[in-house]
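Dear colleague,

My notes on it follow directly after.

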Amino acid sequence: MLPVDVYSHSLTVPAYIDPGTGSLIIQVLIGVLAGAAVAAKVYWTRIKGFFRNLFSNRSHRTENDDKPS
Amino acid sequence: MTSRVDSGSFRDPNGFVFWQDGSLYRQVNTSYEDNYEHLMESGLYEVLVTRGLLVPHEEVNIQFPQPQLAHKVIRPELIPFISYPYEWCFSQLKDAALTTLEIQKACLDFGMSLKDCSAYNVQFRKGKPVLIDTLSFERYHEGQPWVAYRQFCQHFLAPLALMSHKDIRLNQLLRVYIDGIPLDLTSSLLPVHTRLTFSLLSHIHLHARSQKRFAEKTVDMKRYKLSRVSFLGIVNSLESAIRKQKWQLGSTGWANYYQDTNYSLDALAHKRQTVAEFIDRIDPSSVWDLGANVGMFSRIASDKGIPTVSFDIDPASVEINYRECVKRKEINILPLVLDLTNPSPGSGWGSEERMSFTERGPVDCVLVLALVHHLAISNNVPFNRMAEFLGSIGRSIVIEFIPKSDSQVQRLLRTREDVFLDYTRQCFESEFEKYFKIESSVGIRDSQRILYLMRRR
């Protein structure tokens with residue numbers, strides 16, 4: 001019932017409003033930049049998290065060395 | 001059984017809203033069956049309703065008004081007072097925009113997306129914006145651009161940007177342009193410095209240019225695909241753009257009203273007490289407060305648990321009123337912008353898609369406090385016309401008469417000729433008695449003003 005081919009040139013049901021050709025095109029262009037920003041943010045959060053874990057692991061090990069066994 | 005389709009519900013082939021025996025229903029057509037069932041079964045409906053983002057509904061077993069198309073009929077919870085984006089203050093429109101984007105983000109987690117982003121799909125319920133169009137959801141297919149992007153920019157980002165960067169009154173353009181403010185107009189009105197911010201440069205200025213460039217062209221849309229990450233990027237970018245739109249409240253004429261009035265503390269206390277007593281006597285199921293300013297007297301009713309709509313002509317006063325409503329998490333008060341001398345008319349197709357102000361009444365109780373002198377003197381409205389109009393919207397009124405000797409009236413007359421020979425207490429009472437029965441009148445202590453409780457004949 002829903003057309004499977006979403007890449008056909010007339011946009012699929014059930015969009016009843018006119019999305020506007022110009023709006024779709026500019027959206028794809030902005031999306032490239034905006035998507036890169038999202039990806040960079042996710043990537044950067046992972047990098048920060050990695051280093052945070054690295055340093056907190058080191059300090060835990062140093063503390064444990066000082067404790068009496 | 002007679003059902004009547006709502007005059008504003010005809011664009012979406014997936015269903016429509018109708019009235020039957022005084023209740024509101026929505027028919028869900030078979031063309032929407034797959035999307036509807038996915039909405040309900042995937043968990044998205046539960047999440048949105050629990051978070052107060054979507055109006056709850058129940059499925060009902062009544063006769064389909066259009067059985068050849070019907071899949072199901074649902075009964076959504078009724079919104080007590082319908083309002084429109086051109087009646088909202090800045091922060092109400094901003095909150096409605098953020099709610100729409102929050103819903104869109106939640107949708108993507110369940111494989112769905114909003115197929116439209118009309119500001120008319122949002123209403124205020126218990127003090128917060130909520131989506132009322134249960135049929136707004138469609139399945140998300142990666143690669144497909146967001147069909148609602150244009151509508152979001154025109155209904156939400158454009159008016160907010162204009163209000164923030166140009167003039168707070170420009171949201172009134174929403175009254176004229178029923179599908180949001182055109183982007184080329186927005187772009188031409190916005191100051192040049194807005195082209196220096198990525199958000200407005202992309203979503204307004206370049207968007208407008210792109211619309212113009214491709215207006216008459218046919219394009220092979222197969223080339224233009226939007227990945228899921230890019231889709232999320234667009235939504236996040238719009239959210240950041242909306243959050244950046246701010247309105248600094250300067251000191252406007254009306255917002256500092258209560259520092260500027262001639263009420264002594266004793267007079268104000270007596271007025272509040274009398275208004276409270278009159279409201280108790282009327283015992284209304286809802287109240288409209290006209291010329292409510294920041295809502296001091298509206299709150300006498302809403303704090304009693306009575307749903308109250310708090311109207312004022314000044315956007316700054318309504319903004320302050322709404323911010324207070326949000327801060328205190330109030331659920332019974334709805335502040336709105338309204339010019340009583342030119343209230344919202346019916347609009348849209350057949351002038352019937354959006355209700356006029358008067359069509360949304362009458363109500364049990366209307367407060368008309370510290371207002372008649374503005375209508376009579378500043379706006380030349382005779383008492384007779386005032387009484388007729390108030391009789392058409394309120395079954396009972398609590399109304400304050402401000403005599404000519406009052407300093408506020410003197411201030412209004414300072415720069416103009418006093419042609420208001422009929423502006424007297426006797427005239428006021430005799431004109432109003434043609435439409436109302438005066439049940440009570442109380443002179444406010446330490447003041448020359450008089451409060452009346454009147455019942456419509």
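Predicted model: local features only at pLDDT ≥ 70, side-chain atom pairs only at ≥ 80, totals over all residues.

Residues are numbered from 1 along each chain as its sequence is written, chains are lettered from A and ligands numbered from 1 in the order in which they are written, and side-chain values use heavy atoms, with hydrogens and water left out.

Confidence

The scores of the model are ipTM 0.87 and pTM 0.92. Chain A has a mean pLDDT of 74, with 64% of its residues at 70 or more. Over residues 1–14 of chain A, pLDDT stays under 50. The model has 28 contacts beyond four places in sequence for that stretch, a contact being heavy atoms within 4.5 Å.

Interface

Contact between the chains involves 46 residues of chain B and 29 residues of chain A. Together the two chains bury about 3200 Å², 73% of it on carbon and sulfur atoms; buried area is the accessible area (1.4 Å probe) that two parts lose on being put together, summed over both. Of the area that chain B buries against chain A, 16% is supplied by B:V147, B:R150 and B:M221, more than by any other three residues.

Helices (H or I, at least four residues) and strands (E, at least two) are DSSP runs, numbered from the N terminus. Axes are lines fitted to C-alpha atoms, for helices over the stretch in contact, and angles run from 0 to 180 degrees between N-to-C directions.

Helix α4 (residues 149–165) of chain B packs against helix α8 (residues 228–244) of chain B at an angle of about 15°, with the axes 10 Å apart. The two are therefore roughly parallel, given that angles under 35 degrees count as roughly parallel, over 145 as roughly antiparallel, 65 to 115 as roughly perpendicular and the rest as oblique. Their crossing is left-handed, that is, the near helix is turned anticlockwise from the far one by less than a right angle, whereas clockwise would be right-handed. From α4(B), B:Y149, B:F152, B:C153, B:F156, B:L157 and B:L160 meet B:I234, B:L238, B:A241 and B:I242 of α8(B). This contact of α4(B) with α8(B) has 10 nonpolar, no polar and no charged residues; Ala, Val, Leu, Ile, Met, Phe, Trp, Tyr, Cys and Pro count as nonpolar, Asp, Glu, Lys and Arg as charged, and the others, Gly among them, as polar.

Helix α7 (residues 198–213) of chain B also meets α8(B): the axes come within 10 Å and cross at roughly 110°, so α7(B) is roughly perpendicular to α8(B). This crossing is left-handed. B:F198, B:S199 and B:H203 in α7(B) touch B:S237, B:L238, B:A241 and B:K244 in α8(B), a set of three nonpolar, three polar and one charged residues.

Helix α14 (residues 383–393) and helix α16 (residues 425–432) of chain B have axes that come within 9 Å and cross at roughly 40°, which means that α14(B) is oblique to α16(B). Their crossing is right-handed.

Backbone geometry

B:G361 and B:P362 are joined by a cis peptide bond, with omega about -5°. B:P362 lies in the loop between β12 (333–337) and β13 (363–368) of chain B. B:N293, a residue other than glycine, has a positive phi near 55° and sits in the loop between β10 (287–290) and α11 (298–302) of chain B.

Yours sincerely

Technical notes: pLDDT = per-residue confidence, 0-100.
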